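Please look over the structure shown here before reading on. The report that follows takes up a few local features one after another.

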Amino acid sequence: MHYKAENTLSIDGAVEIKKGDEIYGNGFRGDLDVKLLNKYGLNAVGVFGKKDGNRYFLADVLLEADPFFTIPPCISVSGLGGGLYRHMDQTLKDYSFGKAISGICYVPNEKVGFGFLAHTNLYVAQKNTLNAKTSFEVQFNDNWGLNYVQFKGDVAFMRDPKKWGGLSEGMMARVKQQEQAGGVGNLKQEYRPSEEKPKDNGGSDGILSASVLMKYDNTSKIFNMDLKTYLNIAGIIKGTGANDMLVWAKARFGDSDWYLHMGTPDNRCGVKVLDFVKLDSYFMLGNGLPELPPPPDKVLSDLSADQKDDFLRRIHNDMPSSGKGIAFGLGFNTHLKPSVGPFYAKLDIGAGGEFMLADYGKNAYCKGREGTLGINGWYAEAQIWAYLDAAVGLQAKLFGKRRNFDIIALHAGTCLKGMGPNPFYFTGIITGSYSVLGGLIKGKCHIDFECGTKCEPVKGGPLLGEDMIAQITPGNGDKDVSVFAAPQLLLNVASETEMTIEDNRGEKGTYRIILDHFTVKKEDGTKVEGKSVRSDDGLSYTFDPEEAFESTTPYTVSARVLFQKKSSGRWVTYTEDGGDYAEEKTVRFTSGKRPDHILPEHILCAYPQLRQYNFYPKEWKDGYILVKENYSYLFTTVPEGYMQRVRVETLDGKGKDITFSSKTISQYGAKYEIDFNLSGLQFGKNEIYRLSVLNIPKEQAKIDANVSRSETSVSDEITQRKIEAEGELDILETKELTSYCFRTSKFNTFKEKLAYLKLSGNVVVSGSDALIKNMTRNLITDEFPDGFEYQYLDSKTGFSKDNMIVMTPLLDQTEWYKNSIFIHAYKEYKASQLSNKDTRYHNFPPNNAMIVFNAYFAQHDRLNDNEINSGTPTGLPGEGIARYYVVYQCDQDVRAIKDIVGRKMLNKQTISGHDQDFYNYYEPKPYTPGDYPFKVSYRLPGKNIITSSVTEKFVVQ
């Protein structure tokens, strides 16, 4: 909508409607901008909607005048406004539908109660002198508890308020990113200031502008402040940062850490005059101190690569990321290039220094040195540096171009660094070079020194020399963490493992670390039920929650490890300075949204299997789905108006709904199980079916269910009819929790198929030497075993263990094995004796050394998309091989046994007479004529249930 009356009234408005939107659900947004007499203005935004059954709204208004009123002597208020929102919260993402007048974007959040906004625009004296925009916001949760209080302000000096906009909107995102990163973190990545600043439409005509954001987050008990100032005086005097930034500062005060930073070594605050003089600095107080930066490249430019690396190594000192203290630095640079006639001169001078006093902790010490470093763990570093680059030369025209020729050039650089006290360490370097007449005469000098003892600070305990806790995942401040995440505790030293350690006093003792607790709690202190599982190597623990985390909920992970010392055969907690020698770490994260369906990658296995090609309808009466994660929340509380069923239907929609049960489990490698009975279903043969777990509406709502009708008699001849809708009409739709397709076999049972599948051809024996290794028969059929049935080989894990067709040699019924193999090898030796035995492939003895596989390794061994889309299975013909290779595996086991016996003989260990004879004389016998029986079984996936078995045999003539 647009209306404009010249110099009187203008109205602009728009309406945007959302329906079924992923973020905002169903809702609408209205914008209105009114200007009256070119003096008064009204800007209004309204957002109303409903998402996942929760209603939300945002209303924001700003009134502008020229001015509203004046506060003596010189402050004029030109804008007043405010707003209110419910069940909405700020987001870092930019959605125009949810953007308020301030530029901050809001999205639905049912956990937020109400939020209140207030805006003020003002100027001092005249409009172009000093202008300010301020905003104040308070947010409450749904229980009227305080979430946060926030103040934002933008100020511009000597610029037209029509030509500058708010910067604090961008700052809000920066602060939230800081919180997500868990505080200080990596300064080089997280402290680069935003390159945004109050901008105009035609360039930098302002002198000074600034933005500030202050926020107290009551839920995490953290106060944040973000400040940025920009300077540009006619392009002559400017800030040194991006977009003329003069000063930027951040502050954070929380329970676990705090800091105040004005610049950092990599992103300093400063001012420059043209390209003539530059002055920059930084100041840091609190947590998160980085190491001191190296001197500028110009200080070390005369050094060779090796000399430079050697000096940087000497001044380098890794600082623990959790270091705290004070650090500041100052740098100065001036650059001159005057010229008189054909002569010119160059002068580049720089100087500066840095200082840091850090608290490494009372238990910190220097690696390889006794005693606490510094003064109770406080240790200082300082460095000063300077350089000079000068030249005098002549300009001359050569080959048609004006060129510079240095008559004399001189360069010098120096850097001195010291650390201390306890121990003191100093190192320094002086470099220089000169060149006369373009290099006709030139030279270099290099002087450096090193004295004292360099300390490599170790912040961990004096016994181990490092922190016991390496890391906790998820990381501190992580957002949108999977609700199925299993928090992990990573240790630098294996827990419950005895160690002999010499402490700083030279005394040796036996120590270990143990886990005191590893817990996960909600924000309100409620403990999450679960169990901690220690890794085999003791270097990590995994917390396995009993249920999935709740949606978008803050959690705290806390871990504490203790150091113990063995005393008189008993483990006692090691103490120091009157307290337990322990280490504790806490991280906070926020979960993402719970999925409203079972993710396909979380299905471990099922019966029928996902895309199974050969499902035998009468093989087993029960079906099931085993899930890797605990999806109990989808089934314990059925949505109102719904019932849950398993639906089995053909692709054209003919089928039946059946009831099912579900439960949390801890077996088969799964955490949740869905069970249903298949015996009441009628399946066709060679047909594709879809199996779905559904939330189905109990009743189908009529399209006019919320409409009431009434009639009123106006006269004898006239009746007035009234139709009215009450509330909103909720039409419930079927919701899919999981769904997949499978194909039925041409046979009802596996035995029925085996009766049809007879092995063809004679038994073929093969081998590369006199020892016959393999025995095979061909298998040709128009319905070959599918990818779930036959066994396949993985190079890393060996033969698959979950194939549904299991072929087992019946060794105790095989004369060849009993007489020529068993009595010599497997009767006398056990698998535990064979340290070199590879168990990925076969057992000991080899009662699983038999396999059926597709001779051509066909890829089409499961139901594919083309078959599902067309509704027609194309068949699974194939030529396969049944292979019996017990004697080959026996040969490998004999070699493994002989290797162990041979090692004993080499090490002059005592061996038995049987060992001696076995090593010298025994070789497994090849297949002899006779029967080689084996059992063919059908096994349900995951549960390892044998549903049917048939005995077959190979006959060697």
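Is Asn686 buried, partly exposed or exposed? At a relative accessibility of 32%, Asn686 counts as partly exposed, since that class lies between the limits of 20% for buried and 50% for exposed. The model is a predicted one, and in it Asn686 is found in the loop between strand 44 (670–677) and strand 45 (688–697). Although Asn686 is not a glycine, its phi is positive, at about 55°.

His87 also is not a glycine and has a positive phi of about 55°. The loop that holds His87 runs between strand 6 (75–86) and strand 7 (88–91). With a relative accessibility of 10%, His87 counts as buried, because the limit for that class is under 20%. As background to both cases, most residues other than glycine have a negative phi.

## Two cis peptide bonds

Most peptide bonds are trans. In this model, however, a cis peptide bond joins Gly420 and Pro421, with omega at about -5°, and Pro421 is placed in the loop between strand 24 (401–420) and strand 25 (425–436).

The peptide bond from Thr473 to Pro474 is likewise cis, and its omega is near 0°. Here Pro474 belongs to the loop that lies between strand 28 (469–473) and strand 29 (488–491).

Three strands form an open sheet in the order 53-56-57, and their pairing is antiparallel. Strand 53 (805–809) and strand 57 (946–956) stand at the edges with a single partner strand each, so that one side of each is left without a neighbour in the sheet. On average, and with direction ignored, neighbouring strands of this sheet are turned by 25° against each other.

Strand 56 (residues 930–939) pairs with strand 53 in the antiparallel sense over five bridges, and within this pairing Pro809 has Phe934 of strand 56 as its bridge partner. Strand 56 is also joined to strand 57, again antiparallel, by 10 bridges, and Lys935 stands opposite Thr951 in strand 57. The hairpin of strand 56 and strand 57 has six residues between the strands, and in this hairpin Gly942 takes a positive phi near 80°.

Ala386 lies in strand 23 (residues 378–398). Its relative accessibility is 27%, and Ala386 therefore counts as partly exposed.

Which residues is Ala386 in contact with, leaving aside its neighbours within four places in sequence? They are Val299, Gly350, Ala351, Ala412, Gly413 and Thr414. Pro296 is 90 residues away from Ala386 along the chain, while the C-alpha atoms of the two are separated by 8.8 Å.

## Cavities

How many cavities of 30 Å³ or more does a search of the whole structure find? The search finds four, and the largest cavity holds about 60 Å³ of space.

The lining of the largest cavity includes Val483, Phe484, Ala485 and Ala486, together with Asp544, Pro545, Glu546, Glu547 and Ala548. Glu629, Asn630 and Lys671 also line the largest cavity. By residue class, this lining divides into six nonpolar, one polar and five charged residues.

How values were computed
Residues numbered from 1 in each chain as written. Predicted model: local features only at pLDDT ≥ 70, side-chain atom pairs only at ≥ 80, totals over all residues. Heavy atoms only, no water. 1 Å grid on protein atoms, 1.4 Å probe; cavity = no way out; pocket = protein on both sides within 12 Å on 5 of 7 lines; lining within 4 Å. Points joined across faces, edges and corners; volume = space filled by probe spheres on them. Nonpolar A, V, L, I, M, F, W, Y, C, P; charged D, E, K, R; others polar. Helix = DSSP H or I, 4+ residues; strand = E, 2+ residues; numbered from the N terminus. Buried < 20%, exposed > 50% of the residue type's maximum accessible area, 1.4 Å probe, protein only. Contact = heavy atoms within 4.5 Å. Pairing = 2+ DSSP bridges. Axes fitted to C-alpha atoms, helices over the stretch in contact; angles between N-to-C directions.
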